[in-house]
Amino acid sequence: MRDMEPEEARRLHREILSDIGVLLRDELAGESWGRVLVEVVRDGSGAAVVADVDVEEILDESRVDAAFGSQSARELMPAIAKATEALCALEGVELDEVCGGTFVRLDQGFGWLPGLVRTPSRRFDGQRDVLVASLRDKNERLRALFGADRVELDVDGKTLRWLSRSKDVGSAQATVLGTFARAARTWAWVWSNPTAPETVRRAAAALTDALEERELWEISTPAFATDEPTAWALAALVCDRAGADGVQRIAHDDGVLFVLVRDARAC
């Protein structure tokens, strides 16, 4: 499906969601939950099979229990596994990397996300637009101040430099917050990375430990499936609470680093 025209891929995406949406609504109590996380693995023959299902944002627990515990639900699992596999292919991700997908009930029909994407914390979700807008303004000020064409990060030295035509134009204190892996669609806090230097892990942990919003599962979970906009929102939360100057996105291997910058100054 990688060579498929974008419009054709979108059409197939809509058709699959429309077809599977009928099953979710009519057979799996689709009006009684907000999202379903479907773990899909390969069996011995390489076929996609459902290994586990987790239902979140439940509105009617008895209906959900009855629906997902029924023989009809078990008979639907192969179709849901195939739909998940096809949606992964259309999205350009590997099923083996993301381990399944998440069906989300919308006002009209259902949406789908690659990976097992948990329901965001209500408080975090309610603040994310404001946080991201604030971070965008901070980053725009940094761009206007330095006019740099690239940045360089010294992880061990905890510094970041802005360069223009290979000349230093600015510098700042830098703390790596986390990484977003494109293939796995996963955010990971750097304090949980055993390969990161201990000083780097401690600096990142100090920032998240200082957050007052201790009820947010996102700040205490080492790594989890999500999308890059949510990674930006998490970085924006830390940036706002730390009173930092902004966040730099740095390409790294199969993903990106999110780096908090403070005390930015021109050279």
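Modeller: Start with the polar contact: a pair of N or O atoms within 3.5 Å. Within protein, one atom must be able to donate a hydrogen and the other to accept it, and residues adjacent in sequence count only if both atoms are side-chain atoms. This is a predicted model, where local features need pLDDT of at least 70, side-chain atom pairs count only at pLDDT 80 or more, and totals for chains, interfaces and linings use all residues. Residues are numbered from 1 along each chain as its sequence is written, and side-chain values use heavy atoms, with hydrogens and water left out.

Colleague: What makes the side chains of glutamine 248 and tryptophan 162 a polar contact?

Modeller: They lie 3.4 Å apart. The limit is 3.5 Å, so the pair counts.

Colleague: Why is glutamine 248 called buried?

Modeller: Its relative accessible area is 12%.

Colleague: Which residues does glutamine 248 touch?

Modeller: Among them are Asn139, Leu142, Trp162 and Phe258, not counting residues up to four places away in sequence. Contact means heavy atoms within 4.5 Å. Glutamine 248 lies in strand 10, residues 246–252. Strands (E, at least two residues) and helices (H or I, at least four) are DSSP runs, numbered from the N terminus.

Colleague: Why is serine 166 called exposed?

Modeller: Serine 166 has a relative accessible area of 57%. The cut-off is over 50%, so serine 166 is exposed. Serine 166 sits in the loop between strand 6 (159–164) and strand 7 (167–181). Its phi is near 70°, a positive value in a residue other than glycine.

Colleague: How do you know that strand 1 and strand 2 pair?

Modeller: Two strands pair if DSSP finds at least two bridges between them. Strand 1 (residues 35–42) and strand 2 (residues 48–56) have eight, in the antiparallel sense. Valine 36 has valine 55 of strand 2 as its bridge partner. The two strands form a hairpin with five residues between them. Glycine 46 in that turn has a positive phi of about 90°.

Colleague: What makes a set of residues a nonpolar core?

Modeller: The members are buried Ala, Val, Leu, Ile, Met, Phe, Trp, Tyr and Cys residues, joined through side-chain atoms within 4.5 Å. The largest such core has 42 residues, and Trp189 and Phe258 have the most contacts inside it. Helix 8 (residues 228–242) gives the largest share, eight residues. A second, separate core of 29 residues includes Ala9, Leu24, Trp33 and Val38.

Note on methods:
Buried < 20%, exposed > 50% of the residue type's maximum accessible area, 1.4 Å probe, protein only.
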